[in-house]
Each structure stands twice: as structure tokens, then as C-alpha cells.
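Let's take a walk through this fold, from single residues up to packed helices. Keep the viewer open and follow along.

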Amino acid sequence: MSSDSTPPLAEALRAGAVVLDGGLSNQLESAGHDLGDALWSARLLAERPEAVAEAHLAYFRAGANVAITASYQATFEGFARRGIGRAEAARLLALSVELARDAARRARAEGITRPLWVAASAGPYGAMLADGSEYRGRYGLSVAELERFHRARLEVLAGAAPDVLALETVPDTDEAAALLRAVRGLGVPAWLSYTVDGDRTRAGQPLAEAFAPAADADEVIAVGVNCCAPEDVGRAVQTAARVTGKPVVAYPNSGESWDAAAHAWYGRAGFRAEQVEEWREAGARLIGGCCRVGPRTTATIARTLTPP
């Protein structure tokens, strides 16, 4: 956990809004790193760990309070396909947390005094497949099978002592149920965020139904959405706040669209600063960006939520 006087994240959320970072892959690619393989940013944990720490630091410098680790696509199964054994995979998972923590220490050394937290990312099962299925869900696996998949790496991430586990980009209620079971007893709080299309999960379930199980999960300190269009956030935030009574997390994409066949983004960015204030008024407390949202937008969010 945070070693300085930073309060627990759950306590900070009761006091007001907290700024999340933006897309880690966005910043790494902007720095010239090729992420065009199945491990995505997790490949750099092994090959260029210093680049990951620099990317986190860029977001802290821009005004973020929370760094989300490079473990979204880091799994024992994914590493195994690259010839990396379980012991080394576990080391790399733990390293993802330490690199974000190191960036926070460097930010402190540069004179940044606001609270800084580390969120250990756990992406969905489909992220490991690297075939776009995290935007569909419904993998043909049982909740118990998904729980076993997630529990192994969550135990390692929790053992690295992040401030919170980010259960993110969840496409359906089965995977959410598995994740909620997998975090029990780990001793680290979590947030749960779905990727959505309109007012439904990517798999088509109504959001009121999807958010409901988190209301009774003691480990969950926030619930909401990420990796979605900015225009889908407002209603989702209202629904999450109404159904769960908990602080809401919201970090959409830039507004551009992903072409899975071409492996390219298209369209125009539509993330506007005034939306952030609307989301906060609706109940959002953890607010940032996901894919294609870089430090410049993070700085705008920070100025909007925490003006001087």
C-alpha cells in the first residue's frame, strides 16, 4: 500500500473526485514503442520496464492521482505462449505494480505532493486471447472456470500490495461474477468497471442488472465503466450510483472507434472537458481516460476536477 501519508483510496472517494490516468498503451506508443503483439504493453514489462515507469510518470506529471499498471494483458497463459514460465510470469506481474510505485516515488522527488495511488489492472479473459473477444464476452466458460483463471494472477497482484485492484473492461455479468468471487479474501479493495454499448454491457445485459452484484461486495469500493464511448458514460454513471450506492468509476476512450480487422483506430475524438463535470455531478468519483486518451487530456481532467 502507499507508504507516505496518502489516505486509503476509499476514504479519498468519500471526500471528492480522484483523477485516473489515461491509456498506458497510448503513451507507450507515443514514445515510440511497438505494442503490436498479443502481450501488448505487458511485453515491455520484460523488455523495457523503464519505459513503463516513464509512461506512468507522464500521467502523474499531467495531474493524475492513480496509475493503472501494465498488467491488463499480463496472464500466466499469455506469458506461457511466449515461453515464459510461471515463476517469471509472477515476477513480471508483481513488477507491474512496483514500476507504478516507482513512478510515484519519482513524482514525489519532483515535488508532486498530492495523493498518488497504484491500481493493479486485471483485464478480462478475452484480453488474454487478443482476438477482440473482450468486447463480446460470452466465452463459453463457466463462472467457476473464469474465477480460476482470474484468481491466480489476482493473488500475485494483491501480494505486490497495490492500493486497489482494477477489474476493468468487463464485457458481461458472468465474468463480473467470477471476478467478484476471485477477489474475496485477498485483502485489497477493488473497483469493477464494464465496457458498455449504450445502456447495456457488450454482451447485451442491462446495466442495472450488471451493476447490482457489486452493491453487496464488500471488496468493491467503486463500480462503473471504461473503454467505451464518452457519450455512453453519463447514463451508466447514473445507473451505477443508483443501483449500488457506491462511488462510480468512469474512464472512457477518446471517442474514436477501433477496427479489429484492420487493427486501427478511426473517427474523431469526442472527449470534452465539460462531460467530466457532468459525470461528477451524476456520482462519478474516479474519473480518467482509457484508449487514445493521453496526458494532455488527463491534464484537462485534472484542471476541471481539482482547480487551483
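**A walk through the model**

Thr 6 has a relative accessibility of 13%, so it counts as buried (buried is under 20% relative accessible area, exposed is over 50%, and partly exposed is in between, with a 1.4 Å probe and protein chains only). Before going on, some bookkeeping: this is a predicted model, where local features need pLDDT of at least 70 and side-chain atom pairs count only at pLDDT 80 or more, while totals for chains, interfaces and linings use all residues. Residues are numbered from 1 along each chain as its sequence is written, and side-chain values use heavy atoms, with hydrogens and water left out.

Back to Thr 6, which sits in the segment before helix 1 (9–15). Helices here are DSSP runs of H or I with at least four residues, strands are runs of E with at least two, and both are numbered from the N terminus. Leaving out residues up to four places away in sequence, Thr 6 touches Arg 108, Pro 115, Leu 116 and Trp 117, where contact means heavy atoms within 4.5 Å.

Now hop to Gly 22, in the loop between strand 1 (18–19) and helix 2 (24–30). Gly 22 is buried too, at 8% relative accessible area. Setting aside neighbours within four places in sequence, Gly 22 is in contact with Tyr 59, Gly 289, Cys 290, Val 293 and Thr 298. Gly 22 and Asn 253 are 231 residues apart in sequence, yet their C-alpha atoms are 8.8 Å apart in space.

On to helix pairs. Two packed helices are described by the angle between their axes and the distance between the axes. Helix 4 (residues 49–62) and helix 6 (residues 86–109) pack at about 50°, with axes 8 Å apart. The axes are lines fitted to C-alpha atoms, for helices over the stretch in contact, and angles run from 0 to 180 degrees between N-to-C directions. Helix 4 and helix 6 are therefore oblique to each other; under 35 degrees would count as roughly parallel, over 145 as roughly antiparallel, 65 to 115 as roughly perpendicular, and the rest is oblique. Among the residues making the contact are Val 52, Leu 57 and Phe 60 of helix 4 and Leu 95, Leu 99 and Ala 103 of helix 6.

The axes of helix 8 (residues 143–159) and helix 9 (residues 173–182) come within 8 Å and cross at roughly 45°. That makes helix 8 oblique to helix 9. The contact includes Ala 144, His 150 and Leu 154 of helix 8 and Glu 175, Ala 178 and Leu 179 of helix 9. Ala 144 is partly exposed, at 30% relative accessible area, and its C-alpha atom is 9.6 Å from that of Glu 175.

How enclosed is helix 9? Seven of its 10 residues are buried, so helix 9 is largely enclosed by the rest of the structure. Its buried residues include Thr 173, Glu 175 and Leu 180, and what covers them includes helix 7 (125–129), helix 8 and strand 4 (164–170).

Last stop: helix 11. In helix 11, Val 233, Ala 236, Val 237, Thr 239, Ala 240 and Thr 244 are buried. Seen down the axis, these residues fall within an arc of 165°, so they line one face of helix 11; the arc is that of the directions from the helix axis to the C-beta atoms. Just after helix 11, Gly 245 takes a positive phi of about 70°.
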